[in-house]
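This report covers helix packing, a salt bridge and a surface patch. Look at the structure first, then read on.

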Amino acid sequence: MDGGGGQRPGVTGAQPAPAASPSTPQAANAGTRAFMHVLINTAVAGLTTNFLWFAVVFWVYLETRSILATGVLGGVYMILIAACSMWFGSLVDRMRKHRVMLISAWATLASFILGCAIYFTVPSAVLLRLDRPWFWIFTLIVLAGCVVELLRNLALSTTVTLLVPVERHANANGLVGTVQGLAFIATSVFSGLSIGLLGMGATIVIATVFVAVPLVHLHLLKIPEPVVARDPDRSAVDFRGGMAAMLAVPGLFALVIFSMFNNLSSGAFMALLDPYGLTMFSVEVWGLVFGLASTGFVVGGLLVAKFGLGKNPVRTMLLLVGVLGVLGMVFTIREWPWLFIAGIWLFMVIMPAVEAAEQTVIQRVVPFEKQGRVFGLAMTFEAAAAPITSLLIAPIAEFWIVPYMAGPAGQHDWGWLLGEGESRGIGLIFWWSGVAMVLLAVGASLTRSYRTLSRSYATAQPAGPPAAEPAVPPAESPGA
């Protein structure tokens, strides 16, 4: 199997041989420093965009008390990610990573400014009417500003290959999880406090002002990228090229399909976690609780950064998904705040390793010049699954399962397992979602694709960035 930069199906012309991800200690140190700047800049930008998006979800639920509304917003969020990921991945491969990040940052700022204008010109009574267009215009504009941040995250994944020595890829991906966890903590805490104490108006102004801070730093930042690889068959949205690169690695497509089915289960958590938490706590306390639980994301990222993912990241991923399923079955089995918080914390500890495993495999076996499209294609498949569950489960929960569990029939059938409480309907959904994750992990570990991808990873020549093109000497003058 050709795991490095050899000829790939669907691409004409020879690929550049993979260059060493940086080959000298000096180059490695310079690349690592540049990566850290990019990582921190992306984390700050992600904090700001997620701060506003969390705040919007909190605000909508508190003002409408509608699980359906928050479920639809979560589903639309994932639909937009699925719709844009392939295009974003193609942009990452076509352009220098620094320019891609600048485009993303400016698009986010423009969306937030427009969202501010709508919020302060449309009366609140009109803006919060779910049957009126202004609610959906406002939330979709803010949502677009948050989704375009994905463009920077895809570029960040490729800068691991560009700037970090290959033997440190898993550790670098762990650092990504760590800083994302720190941003997640700050986001959840600040969003809850901001909505509870300041209101939506002040919150959207704060987000709009602070989204410009990493933009200034980004304009001053230098990302060493000696050459942008040129692919003659590449189109604006290169689904074919991304699929060809993915299929060229035996078992890689199966990994993406596994992640897609796993997201079918996690979509239930995405749709119902905030309603569950806001049922148990006030918005200010829920923000603090979620921030406390999210320290697990930092711990998990640091563990990956320190110890890596083992010799077989695919096996590590399947094992941890099974553990996540068990946690999903038990962390809401009773309406106990300490159990809920502990379950979220452990969930967060494991998630960075699951995400880093897939990234590490792709960074090793896919040529650098195709990684943007492969990451984008993987995100398309995986993101497309979650909204299916989210959009289905929100109305089912609101109109059927929650009323059923609140009545005597639900208590009679499931009280022995889930106890009593206002949120037992959501607890039942979480329990079955966890069962589905366990069965998926066990089933995937028994497949031929799992063994094939494990061999592909073990035997692949690590991918690296394209080498700088040699300088062309000037032509001699005719009289020389």
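In which helix does Phe 120 lie? Phe 120 belongs to helix α3, which covers residues 97-121. The model is a predicted one.

**Surface patch**

Phe 120 also takes part in a nonpolar surface patch of about 470 Å².

**Helix pairs**

Two packed helices are described by the angle between their axes and the distance between the axes.

| Pair | Angle | Axis distance |
|---|---|---|
| α3 (97-121) and α5 (133-147) | roughly 160° | within 7 Å |
| α3 (97-121) and α6 (149-163) | about 160° | 8 Å |
| α17 (408-418) and α18 (424-445) | about 70° | 11 Å |

Start with α3 and α5. Their axes cross at roughly 160°, and angles over 145 degrees count as roughly antiparallel. The two helices are therefore roughly antiparallel to each other. α3 passes α5 in a left-handed crossing. On the α3 side, the contact is made by Thr 108, Ser 111, Phe 112, Leu 114, Gly 115, Ile 118 and Tyr 119. The α5 side includes Trp 134, Ile 137, Phe 138, Ile 141 and Val 142.

Next come α3 and α6. They pack at an angle of about 160°, so α3 is roughly antiparallel to α6. This crossing is left-handed. From α3, Lys 97, Val 100, Met 101, Ile 103, Ser 104, Ala 105 and Thr 108 make the contact. Residues of α6 in this contact include Glu 149, Leu 151, Arg 152, Ala 155 and Leu 156.

Gln 411, Trp 414, Leu 417 and Leu 418 come from α17. They meet Arg 424, Gly 427, Leu 428, Trp 431 and Trp 432 of α18.

**Salt bridge**

How many salt bridges does the structure hold? It holds one. The side chains of Arg 424 and Glu 335 form it, at 3.8 Å from N to O. Arg 424 sits in α18 and Glu 335 in the loop between α14 (313-330) and α15 (337-365), so the pair ties together parts that are 89 residues apart in sequence. Arg 424 is also among the α18 residues that meet α17.

Key: Residues numbered from 1 in each chain as written. Predicted model: local features only at pLDDT ≥ 70, side-chain atom pairs only at ≥ 80, totals over all residues. Heavy atoms only, no water. Patch = residues over 30% accessible without salt bridge, like charges linked within 9 Å, V, L, I, M, F, W, Y side chains within 5 Å. Areas by Shrake-Rupley, 256 points an atom, 1.4 Å probe, with all protein chains shown as cover. Salt bridge = Lys/Arg side-chain N within 4 Å of Asp/Glu carboxyl O. Helix = DSSP H or I, 4+ residues; strand = E, 2+ residues; numbered from the N terminus. Axes fitted to C-alpha atoms, helices over the stretch in contact; angles between N-to-C directions. Parallel < 35°, antiparallel > 145°, perpendicular 65-115°, else oblique. Left-handed = near helix turned anticlockwise from the far one by under 90°. Contact = heavy atoms within 4.5 Å.
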